[in-house]
There are 2 protein chains.
Amino acid sequence: MYQPINLAEKLTRFQDHWAPRVVAEMNDTQFKLAKFQGEFVWHVHEDTDEVFLVLHGEMEIAFRDGAVTLRAGEMFVVPKGREHITRAASECQVLLVEPRGVVNTGEAGGELTAAQDAWI
Amino acid sequence: MYQPINLAEKLTRFQDHWAPRVVAEMNDTQFKLAKFQGEFVWHVHEDTDEVFLVLHGEMEIAFRDGAVTLRAGEMFVVPKGREHITRAASECQVLLVEPRGVVNTGEAGGELTAAQDAWI
C-alpha cells in the first residue's frame, strides 16, 4: 500500500540526457530525476529558484560571473533570475527540485526543451 | 563565490536527534537535514505534504493503516492530513523537504517540538 520511491531503480528506467522525469510531488513542488552529459544551454528561470542534488557523477553549473562544481551528495540552489548553464564531462545523475510547470530551458527554448510532467 | 552544499559535511555539524537543521531554501521550500533514532510522536500536517529522503540508515514511517520502510536512496511523500509517526531502530540520516514554517510535531506539540529555521 505504501511504497518507497527508490531513486536508483527509477534511474534505470530512462537513458536519455537532459530529459527530466518526475518521480514525486510535494504540494506544487516536483522532484525529477535527470541524466546530464555534455553541455546544456544558457537559460534563466525568471520566477523560481531551482535545486540540483547530485546522486552520481559530477556536474558544473556556470553563471556569467562564476561556477560551482557539484559531486555526489552535494546540492545547490540556483536563484531565480540568474542565467546559468549546466555541463557534465561524463554522465551525471541528478535530482532536480522545482515547482511544477518549470520548463527546463527556461525562456531560451530550443531543441533541448523537454516534455513536462513525464512521470516514471 | 558559489559553493556547493555538501550534505555529509553538514551532517557532522550536529548530533541531536529529531531536530532538523535547514541547509537550503528554494522559494518557500526548505531542505532540512535530520538524524532520527528511536520513535517520534504521532502527528499530522494538515496543510502540507512532507518529503523524506533517506541518506544513511533505515527508517519507518507508519500510518494508522500501514507503514513504509525507507533505506538510503529512497524517498517518500507523506500526504497532507495523513497522521503518521517516524521510527528508526538505529540512527538514520534524512533530508526533509517541506515548506518554510512547518513544525516537526505538527499539531501534536510536546517535548520533541524542534526550533524553526535552525540553519547550519
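**A friendly note on the two-chain model**

1. Contact here means that the C-beta atoms of two residues, placed from the backbone, lie within 7 Å. The model is a predicted one, in which local features need pLDDT of at least 70 and side-chain atom pairs count only at pLDDT 80 or more, while totals for chains, interfaces and linings use all residues. Residues are numbered from 1 along each chain as its sequence is written, and chains are lettered from A and ligands numbered from 1 in the order in which they are written.

2. A:Phe52 also belongs to the largest nonpolar core, which has 55 residues; A:Phe52, A:Val94, B:Phe52 and B:Val94 touch the most other members. Such a core is a set of buried Ala, Val, Leu, Ile, Met, Phe, Trp, Tyr and Cys residues joined through C-beta atoms within 7 Å. Buried means 20 or more other C-beta atoms within 10 Å of the residue's own, exposed means 12 or fewer, and partly exposed lies in between, with C-beta atoms placed from the backbone. In soluble globular proteins, nonpolar side chains tend to be buried together.

3. Next, the strands of chain A. Strand S3 (residues 29-39) of chain A has eight of its 11 residues buried. Strands (E, at least two residues) and helices (H or I, at least four) are DSSP runs numbered from the N terminus, and two strands pair if DSSP finds at least two bridges between them. S3(A) pairs with strand S8 (residues 84-99) of chain A in the antiparallel sense over 10 bridges, with A:Gly38 opposite A:Ala88. Strand S2 (residues 21-26) of chain A is antiparallel to S3(A) too, joined to S3(A) by five bridges, and A:Arg21 stands opposite A:Leu33.

4. Two hairpins deserve a look. In the one made by S2(A) and S3(A), two residues lie between the strands and A:Asn27 takes a positive phi near 55°. The other is formed by S5(A) and S6(A), again with two residues between them. Strand S5 (residues 58-63) and strand S6 (residues 66-71) of chain A pair antiparallel over six bridges; A:Ala62 stands opposite A:Ala67.

5. How many residues does each chain give to the contact? Chain B gives 27 residues and chain A gives 28. On the side of chain B that touches chain A, the elements giving two or more residues are strand S1 (5-6), helix H1 (7-11), strand S2 (21-26), strand S6 (66-71) and strand S7 (74-78) of chain B. That side divides into 17 nonpolar (Ala, Val, Leu, Ile, Met, Phe, Trp, Tyr, Cys, Pro), three charged (Asp, Glu, Lys, Arg) and seven polar residues (the others, Gly among them). Strand pairing crosses between the chains as well: strand S7 (residues 74-78) of chain A runs antiparallel to S1(B), with two bridges, and A:Met75 has B:Ile5 as its bridge partner.
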